[in-house]
Each structure stands twice: as structure tokens, then as C-alpha cells.
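Please look over the sequence and the model first.

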Amino acid sequence: MDNPVTPRAAAPGPRRRDRHGRGMRGPIAPPQVPLSTSRAEAFADLVQDSVERLERRWPQLADIDFLVLEVPRLDGPGEVWNDEAVPLGGTIASEDGQRARVIVYRRPVEIRTKGRDERAALVHEIVVEQVAELLGLTPETVDPRYGED
């Protein structure tokens, strides 16, 4: 044994396919197909679409941050939920150099809707209501089609 064969170094990371060529070969769907977007990403897209629709009419919305959170949080330790409905959205006014924020809560909205179209309509209503609250206007002023089916 003059020339011993050195074993191959193990490749870093998990092995993708077994020795018979079976196993995961790649992603199930390409990134541009809706199947590959998560529910959270699809919901964020609905909020972004609603914001873009309103920004055409209200350019000052560029100074407001729009956030998507999973669920509303309790404000402080020891606070308990009351009998009121779970909020679907909220606002935080600008202060101390912080930009104003509009928050939409994803899980409560998803629970109350059945399909994408219904979810998009509810998200738009929430965004319009929260923007109206921040601007001190009525929702009908912010979006003339507010409340229409």
C-alpha cells in the first residue's frame, strides 16, 4: 500500500440527496409563484397595496410607517384582557422624532375573513380607518369608496 487513498472531506451542511439520488431536488415552486409566499408575506402585500392606493391621494402618507404585527400585545405587565373585541389595527402618533405608525394585526384579521378578496377589503378598511384617525379626518374623506361593497 504505497498510495493510500485519503477519504473525502465531508461537505459542510446537510446532505440534500441520499446515495441513490432520491430526496429533495429543489424547491417545490419557483419564487415568483404564489405558492412559495408565506401567509405573512401575502398579508404584508395586502397592506402595501392598500397603502399605495391611498398614497396617490394623500402624499403625506410617505411620512407614516405601516407595520404588520401578528397579534395585539398587552401594554403592561399585569394587565388582563377585557370583554371588548380584539383590535384589528392601531395607531401610534409621532413624538420625539419618531414617525407616526399604523399597525395592522394579521391573525385577528385572518380569523375574521374567509378568502383573499374578503381579507383585502378588510385590510383596506382598517388602513383607511387608522389613517383617518392619524390625520383627524373621517374615513370617507380619506377614501371616498370607504364602506362600499
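## Strand pairing

Phe-66 has Val-102 in β3 as its bridge partner. The model is a predicted one, in which local features need pLDDT of at least 70, side-chain atom pairs count only at pLDDT 80 or more, and totals for chains, interfaces and linings use all residues. Residues are numbered from 1 along each chain as its sequence is written, and side-chain values use heavy atoms, with hydrogens and water left out.

Strands (E, at least two residues) and helices (H or I, at least four) are DSSP runs, numbered from the N terminus. Two strands count as paired if DSSP finds at least two bridges between them. β1 and β3 run parallel and are joined by 6 bridges. The pairing of β2 with β3 is antiparallel, over 4 bridges; here Gly-90 stands opposite Ile-103 of β3.

Of the 6 residues of β3, 5 are buried, so the strand is largely enclosed by the rest of the structure. Buried means under 20% relative accessible area, exposed over 50%, and partly exposed in between, with a 1.4 Å probe and protein chains only.

## Gly-89

Gly-89 lies in strand β2, residues 89-92. This glycine is buried, at a relative accessible area of 17%.

Apart from neighbours within four places in sequence, Gly-89 is in contact (heavy atoms within 4.5 Å) with Ile-103, Val-104, Tyr-105, Ile-126 and Gln-130. Its C-alpha atom is 7.8 Å from that of Val-127, a residue 38 places away along the chain.

## Helix α1

Helix α1 covers residues 39-55, and its 17 residues should span 24 Å at 1.5 Å a residue; the end C-alpha atoms are 24 Å apart, which agrees. The expected span is 1.5 Å times one less than the number of residues.

Which residues of α1 are buried? They are Phe-43, Leu-46, Val-47, Ser-50, Val-51 and Leu-54. Seen down the helix axis, the buried residues of α1 fall within an arc of 130°, so they line one face; the arc is that of the directions from the axis to the C-beta atoms. An α-helix has 3.6 residues a turn, so residues three or four places apart point the same way. The cover over the buried residues of α1 includes β1 (64-69), β3 (100-105), α2 (106-112), α3 (116-135) and α4 (139-142).
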